[in-house]
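Take a walk through this model, one region at a time. Keep the sequence beside the coordinates.

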Amino acid sequence: MVTDVKELIETRTEPRRSEAPTPKVLVKSYGCQMNVYDATRMADLLGREGYAETQGEDDADLVILNTCHIREKAAEKIYSELGKLAIAKRALNAQGREMKIVVAGCVAQAEGEEVLKRQRAVDLVVGPQSYHRLPELLRQAKDGARIADTDFAVEDKFRALPAPSRAQIRARGVSAFVTVQEGCDKFCSFCVVPYTRGAESSRPVAEIIAETERLVDAGVCEITLIGQNVNAYRGPDAQGRETTLVQLLDRLARIEGLTRLRYTTSHPVDMAQALIDAHGAIPKLMPYVHLPVQSGSDRILKAMNRKHGVDAYFSIVENLRKARPDVALSSDFIVGFPGETDADFEATMALVRSVGFASSFSFKFSARPGTPAADRDDQIEEHVKSERLAALQALLEEQRQAFNAATVGREISVLFEKPGRHEGQIAGKSPYMQAVHAEGSIEHIGREASVKIVAAGSNSLSARLMSEEAKA
Ligand code: SAH
Ligand code: SF4
Ligand code: F3S
């Protein structure tokens, strides 16, 4: 538990000492939670090398773009960002100052040396499996050498990374990610992840426990286990035996001071009954499951190589609700996959109506180089994709609002994470991942508190602390 809230707030808002000669690093992350996690590990690693973190480009000596390659737009955004950075770098060089630019993450992995060719201002390209070598690579790049390191390293990246200090953990708040599994062997026909992140691999149980205990010891009370296919986790225990995600969750739930556990992202095919049952059996496991379905049409699911049909998805949802009746579901959807007809799209809308999602992400299909779906000759016209996406998003938004409205009047537990937008306000998350704000002292930050939801705004729920309610 956080024992010293003041320390927590101060570490987060510590003023920058402009007179100090400390080099500054800015790490900008794009894409999924895995990238967010990797960005924190890079910042921690560079912290050990004497870098202080900064939030702005103006005073950064080193800028790292931790990139995403999942859709064309995401990848292109990086090049426009790099264009702006190149201008800033030239302006600094003119003043006799330096700025190193690093491209990390999935664009780095997918494009490697191409990035160096396409943008001259980039000094270093480093893939998701080799960023633990950043200090050494930066030393090599010191004298103007331009390097691309996108090897899938033989050494264990996680073991090579230094553990974060208490201050580093505290500066990031009370909710943290822990990567337990990386990579993907599923090869959905639209997706670049198996190529950018490599084959599925799971971290050993002991390593995950040690990392979690360290976080909890520094005040973290919510842990989200992350993996591209987190429920395919099969890490070895101390005896080298395969451990399932349920066994891992069970073990982590025993850590005192840890009050909330989550995991993401799951694939329906790996949604074992034991994991479903765990939602009824492990009280610390939050009633929220992100379970991407992509499409509601069996024909399209087959073409996507998702390896399951609509009925299998429905039965997972039904069993989850049996195990934990208040479980909230979220999903990812792709509209306009090659060959998707109006009827296929209608099947997606029907699936959404029938399941009812608390929140979701939806995207237009983006043809990615090297994936089988990109080569199909039955691509869907852009305006059709746009129309379908608008219709789907309107329905998903309606469901999100309805889900939020249904919590009004309920008493729930909120994990308060930070001060709110207004003086005297605190903000946090419900068990169902909803943003919640309440009037209350900062003493509540870093803890769970019971609240009554009094109103649902478009992006956040308004609540009253039960302790205040009792006084009223
Ligand atoms: N491993 C997760 C998802 C990883 S990518 C899973 O299997 O569900 C996150 C989401 O991006 C996917 O769920 C999918 O909805 C979307 N996505 C992936 N590739 C895409 C593409 N080529 N075009 C549009 N959306 C895509
Ligand atoms: Fe991509 Fe499919 Fe793997 Fe998810 S399961 S990361 S969508 S290939
Ligand atoms: Fe993007 Fe790579 Fe994550 S492509 S979604 S950052 S695994």
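What follows covers confidence, then a sheet with its helix, then a ligand shell.

This is a predicted model, in which local features need pLDDT of at least 70, side-chain atom pairs count only at pLDDT 80 or more, and totals for chains, interfaces and linings use all residues; side-chain values use heavy atoms, without hydrogens and water. Residues are numbered from 1 along each chain as its sequence is written, while chains are lettered from A and ligands numbered from 1 in the order in which they are written.

Start with pLDDT, the predictor's confidence in each residue, from 0 to 100. The protein chain averages 93, and 95% of the residues score at least 70. Residues 1–18 stay under 50. For them the model has 37 contacts (heavy atoms within 4.5 Å) beyond four places in sequence. Where pLDDT is low, the predicted coordinates should not be read in detail.

Now the sheet. Strands (E, at least two residues) and helices (H or I, at least four) are DSSP runs, numbered from the N terminus. Two strands pair if DSSP finds at least two bridges between them. Here three strands form an open sheet, ordered β12-β13-β14, with parallel pairing. β12 (288–290) and β14 (359–364) are the edges; each has a single partner strand, so one side of each lacks a neighbour in the sheet. From one strand to the next, the twist averages 10°. Six bridges join β13 (residues 328–335) to β14. Phenylalanine 333 has serine 362 in β14 as its bridge partner. Helix α14 (residues 310–323) packs on the sheet and touches β12 and β13.

Last, ligand 3. Residues around it (a heavy atom within 4 Å) include Cys32, Cys68, Cys106 and Arg197.

Key
Axes are lines fitted to C-alpha atoms, for helices over the stretch in contact, and angles run from 0 to 180 degrees between N-to-C directions.
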